[in-house]
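Student: I would like to go through this structure by question and answer. Could we begin with the sheet and then turn to helix and ring contacts?

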Amino acid sequence: MSKVKEDLLKGKYKVVYLTPEFAENAMALLKSLNEKIGITLFAIDEAHCVSQWGHDFRSSYRKLGKLRSTFNHVPFMAVTATATPVVLNDICSSLNLVNPIRVCSSFDRPNLYLEVCMKSGSVENDLLRVMTKKNGIPSFSGPTIIYCPTRNITEDVYRRLLDMKVSCQIYHAGMSADDRKTAHYQFVRDKVEVVVATVAFGMGIDKPDVRRVIHYGG
């Protein structure tokens, strides 16, 4: 960590990612960075976490308003995809943003199709309803993520897909870091069509062509 801080103060990084917990306790480092190099922007992602009215409130996010007070000449940007008008107002207030420019778009995504189906008691039958045949083998016709509520269900669905000859991987927190990395790599590189996972696979999935997300087991 000391090497990272040293390189940071030498200007070796263009973008630095910080947790709000770290930022809260690193004011001296940030002040030093601003004096030596200059900070050009503070960007706060998942900004709904700032608001006590948000669905995922974190107290450390709310304390980020101190950054605005300390670095009032540095531009601030707060972004979120899940904020109501009440939450938006609370974000601006908590971060000490005065007359900020607000850019809002609709929650509606006309390119997305949502469907709720009753489970039949058979994993195979449930999944075959949304699959097609490709060279005689069931296929989801594009990259697909199947989320399951527990590791046991995840492993069961994964085994059944393997029995159906579906190209798939499994991902959950009980796996080794190397196995999780392999599963992630194979999915984003189109080595497999499907990942069966718990919510451990929920962050940082940068794949633009995911065609279907199934929440199985609700």
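This is a predicted model: local features need pLDDT of at least 70, side-chain atom pairs count only at pLDDT 80 or more; totals for chains, interfaces and linings use all residues.

Student: In what order do the strands of the open sheet lie, and which strands stand at the edges?

Tutor: Four strands form the open sheet, in the order 6-7-5-8, with parallel pairing.

Student: Which residue of strand 8 is the bridge partner of Tyr-147?

Tutor: Strand 5 (residues 144-147) runs parallel to strand 8, and four bridges join them. In strand 8, the bridge partner of Tyr-147 is His-215.

Student: Helix 8 packs on the sheet; what angle does its direction make with that of strand 6?

Tutor: Helix 8 (residues 151-163) touches strand 5, strand 6 and strand 7 (194-197). Its direction makes with that of strand 6 an angle of about 170°.

Student: And what is the angle with strand 6 for helix 9?

Tutor: Helix 9 (residues 177-188) also packs on the sheet, where it touches strand 5, strand 6 and strand 7. The angle between the directions of helix 9 and strand 6 is about 140°.

Student: How are helix 1 and helix 3 oriented to each other?

Tutor: The axes of helix 1 (residues 2-9) and helix 3 (residues 27-36) come within 9 Å and cross at roughly 30°. Angles under 35 degrees count as roughly parallel. Helix 1 and helix 3 are therefore roughly parallel.

Student: How many residues of that contact are nonpolar, polar and charged?

Tutor: Helix 1 contributes Lys-5, Leu-8 and Leu-9, and helix 3 contributes Leu-29, Ser-32, Leu-33 and Lys-36. These residues divide into four nonpolar, one polar and two charged.

Student: How far apart in sequence are the parts tied together by Phe-42 and Phe-76?

Tutor: Phe-42 and Phe-76 form a tilted aromatic pair, 5.1 Å centre to centre, with 40° between the planes. Phe-42 lies in strand 1 (residues 42-44) and Phe-76 in strand 2 (residues 76-78), so the pair ties together parts separated in sequence by 34 residues.

Key:
Residues are numbered from 1 along each chain as its sequence is written. Side-chain values use heavy atoms; hydrogens and water are left out. Two strands pair if DSSP finds at least two bridges between them. Helices (H or I, at least four residues) and strands (E, at least two) are DSSP runs, numbered from the N terminus. Contact means heavy atoms within 4.5 Å. Axes are lines fitted to C-alpha atoms, for helices over the stretch in contact, and angles run from 0 to 180 degrees between N-to-C directions. Angles under 35 degrees count as roughly parallel, over 145 as roughly antiparallel, 65 to 115 as roughly perpendicular and the rest as oblique. Ala, Val, Leu, Ile, Met, Phe, Trp, Tyr, Cys and Pro count as nonpolar, Asp, Glu, Lys and Arg as charged, and the others, Gly among them, as polar. Rings of Phe, Tyr and Trp (its six-membered ring) pair if their centres lie within 6.5 Å; planes under 30 degrees apart count as stacked, over 60 as edge-to-face and the rest as tilted.
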